[in-house]
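Subject: The structure I promised you

Hi,

Here is the structure we talked about, with the sequence alongside.

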Amino acid sequence: MRYPALGLAVIATLLLAACTIERHAVLPAELVLKGGAVYTMDASRTWAQAVAVRSGRLVYVGSDSGVAQYIGPTTVVKNLAGQMVLPGFEDAHIHPAESGMGLIECALGDSATPAGVAALISRCAKADPSLPWIRGAGWQLPVFPEANPRRELLDSLVPDRPAYFDAADGHSAWVNSKALALAGITRDTPDPKGGRIERDPKTGEPSGTLREAAVGLVSSKLPKYTAAERLAGLRSSLALANRAGLTSLYEAHASENILATYQSLDSLNGLTATVVAALNTEEDGGIGQVAAMSALREKYHSPHFKVVAAKIFADGVIESGTAALLEPYLLRHGDRGKTNVQPAGFDSLAIALDKAGFQIHIHAIGDRAIRWSLDALAAARMANGPRDARPMIAHLELIDPADIPRFRRLGVIADFQPLWAYEDDYITKLTEPQLGPARSRWLYPIGSVARSGAMMVAGSDWSVSSLNPIEGMQVAITRRGLDAGPGPAWIPEERVDLPTMIAAYTINAAYAFGQEKETGSLEAGKLADLVVIDHNLFAMAPDQLHTARVVMTVFQGKVVYDD
């Protein structure tokens with residue numbers, strides 16, 4: 001059949017138009033959330049109503065009317081009825097692998113009295129008489145006089161086997177006489193470098209409490225966890241993290257066994273959060289350890305896991321007198337605590353790690369340790385030249401005010417654990433009496449650091465404290481305990497507002513992870529990491545934030561928690 005020339009042109013035009021329409025047709029999303037209060041955390045802090053997810057990424061963030069075009073016959077659609085949507089939370093200092101093992105052992109964290117702790121240990125000991133050790137974690141330092149539980153109590157509870165319990169803060173351990181004997185610890189055993197064996201003031205005998213490096217004298221004798229136990233513990237940790245809305249985790253203390261566990265779980269498609277890890281550094285390892293650390297970084301990586309950082313322990317903790325202070329502890333006879341590394345060695349290690357491309361992640365509690373940490377990071381910048389290094393200092397309990405402006409000047413990320421910033425027993429019984437009122441004014445100066453313009457992130461240090469980011473937000477905003485209700489804030493000058501804390505757990509943390517182009521805000525093209533909360537946090541009284549509940553967590557488009 002013949003067509004006139006004009007007819008052929010019209011047909012060609014119509015066919016081209018049809019192809020163009022098909023090429024620009026919107027493909028249906030796999031998941032649509034609509035009717036929500038979506039706080040995007042983009043640069044303008046835009047609010048939206050709906051999001052659409054396809055192939056693990058956000059393909060739309062906007063209005064309910066605009067998302068309609070992404071709804072197809074197989075799209076899962078959830079009407080949120082005003083519930084809040086935020087970017088998935090990112091914990092910038094946490095210990096999922098180690099804490100997971102604690103979930104399957106004897107947990108002591110819920111007990112606030114010596115009798116309560118004793119009852120839990122007795123129950124654990126009787127539960128399985130065949131275990132070669134009774135082990136666990138979570139005893140709170142303020143529960144015992146001078147944070148020093150005695151071996152005699154533990155002997156009465158576990159007389160037949162060695163017993164070992166880590167403190168909640170991870171810087172002390174409580175052991176019985178059989179464990180001390182197995183480790184060869186007697187009154188004549190000297191304190192190891194960087195550690196302290198607590199002793200009876202009258203007899204000089206070990207009291208049963210070990211601090212810092214002295215913990216290793218006994219922990220090195222513990223039975224090793226199997227690979228299966230490590231995997232089970234990590235799965236348990238991730239389930240709790242997802243339940244709290246967490247989709248990215250900064251593993252702050254990784255041995256090779258921990259690296260292998262993450263990589264193995266990811267190979268089984270069981271890693272339900274992005275994890276970046278900081279490798280341990282040894283106090284006496286010097287710059288010679290950097291080559292081996294670089295080899296581990298190359299060896300261990302998988303789609304949702306990688307090694308990015310090196311962890312340096314600058315000091316201990318104030319409660320047990322192991323944090324490094326500029327001025328002496330008031331109740332420790334002129335003692336200023338000890339740093340784990342001296343300035344020259346600190347500087348050289350920081351320079352070597354920075355040169356090797358590691359992000360440097362430092363544990364620093366006392367004001368002297370924080371100052372020396374900033375000095376070491378300044379030395380690395382001076383030696384190697386400025387780069388996109390993103391170094392971090394975590395905990396930051398006591399900062400000398402003269403050092404606060406240095407964070408912004410040096411590009412150092414301030415990594416607070418905000419759930420610690422209120423007057424609990426750790427503060428009132430163990431910290432303020434050692435510091436006095438003038439220094440105590442500068443405990444957890446979150447507000448001052450935020451106002452200085454420094455990059456600020458937040459983490460839980462779980463299992464030291466709750467991994468729920470919303471609880472951390474509340475304490476940072478109110479400077480009061482979660483159940484304290486309204487009232488005067490502890491050091492009110494250091495309060496911050498809700499947008500600051502949401503940023504600390506989302507877009508700022510994403511920057512610390514090196515993934516701000518992929519996560520941390522809800523924008524089309526980014527990974528679909530998000531959390532749904534049953535209430536709009538902005539519509540709640542600050543002292544009631546902790547009652548808000550995560551109802552859904554989505555990791556790279558997959559629902560990993562749904563109540």
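One term before the tour: a charge sits over a ring if NZ of Lys or CZ of Arg is within 6 Å of the ring centre and within 35 degrees of the ring normal. Also keep in mind that this is a predicted model.

With that term in hand, go to arginine 390, which lies over the face of tyrosine 511 at 3.8 Å from the ring centre. Then look at arginine 441: its charged end sits over the ring of tryptophan 442, 3.9 Å from the centre of that ring.

Next, rings with rings. How many aromatic pairs does a search of the whole structure find? The search turns up 12. One of them is tyrosine 39 with phenylalanine 538: the ring centres are 5.0 Å apart and the planes are at 75 degrees, so this pair is edge-to-face. The two residues come from distant parts of the chain, 499 residues apart, with tyrosine 39 in strand β2 (residues 37-39) and phenylalanine 538 in the loop between β23 (530-533) and β24. Tyrosine 39 counts as buried because its relative accessibility is 5%, while phenylalanine 538 is partly exposed, with a relative accessible area of 34%.

Another edge-to-face pair is tryptophan 139 with tryptophan 174, at 6.3 Å centre to centre and 75 degrees between the planes. Here tryptophan 139 belongs to strand β10 (residues 134-139) and tryptophan 174 to strand β12 (residues 172-175), 35 residues apart. Buried or exposed? Tryptophan 139 is buried, at 0% relative accessibility, and tryptophan 174 is buried too, at 0%. These two also belong to one aromatic cluster, made by Trp139, Phe144, Phe165 and Trp174.

Now for the charged side chains. Side chains of opposite charge can pair when their charged atoms come close. Across the whole structure, a search finds 24 salt bridges. Here are some to click on:

- Glutamate 198 and arginine 196 meet at 3.0 Å, N to O, and both residues are buried.
- Aspartate 335 bridges to arginine 332, with the closest N and O atoms 3.5 Å apart. Aspartate 335 is partly exposed, at 26% relative accessible area, and arginine 332 is partly exposed as well, at 25%.
- Arginine 549 pairs with aspartate 534, the closest N and O atoms being 4.0 Å apart. Both sit in the loop between β23 and β24, so the pair ties together parts that are 15 residues apart in sequence. Arginine 549 is partly exposed, at 43%, whereas aspartate 534 counts as buried, at 18%.

There is also a network of salt bridges that links Arg371, Asp375, Asp400, Asp403 and Arg406.

Strand β24 (residues 550-555) and strand β25 (residues 558-562) pair in the antiparallel sense over 4 bridges. Which residue in β25 is the bridge partner of phenylalanine 555? That would be lysine 558. The hairpin has 2 residues between its strands, and glutamine 556 takes a positive phi near 50 degrees.

Last stop, the surface. Leu103, Ile104 and Leu240 make a nonpolar patch of about 240 Å². Isoleucine 104 lies in the loop between α3 (96-103) and β9 (106-107) and is partly exposed, with a relative accessible area of 47%.

Terms used: Residues are numbered from 1 along each chain as its sequence is written. This is a predicted model: local features need pLDDT of at least 70, side-chain atom pairs count only at pLDDT 80 or more; totals for chains, interfaces and linings use all residues. Side-chain values use heavy atoms; hydrogens and water are left out. Two strands pair if DSSP finds at least two bridges between them. Rings of Phe, Tyr and Trp (its six-membered ring) pair if their centres lie within 6.5 Å; planes under 30 degrees apart count as stacked, over 60 as edge-to-face and the rest as tilted. Buried means under 20% relative accessible area, exposed over 50%, partly exposed in between (1.4 Å probe, protein chains only). Patches are made of residues with over 30% relative accessible area and no salt bridge: like charges are joined within 9 Å, nonpolar side chains (Val, Leu, Ile, Met, Phe, Trp, Tyr) within 5 Å. Accessible areas come from the Shrake-Rupley method with a 1.4 Å probe; for residues, only the protein chains shown count as cover. A salt bridge is a side-chain nitrogen of Lys or Arg within 4 Å of a carboxyl oxygen of Asp or Glu.
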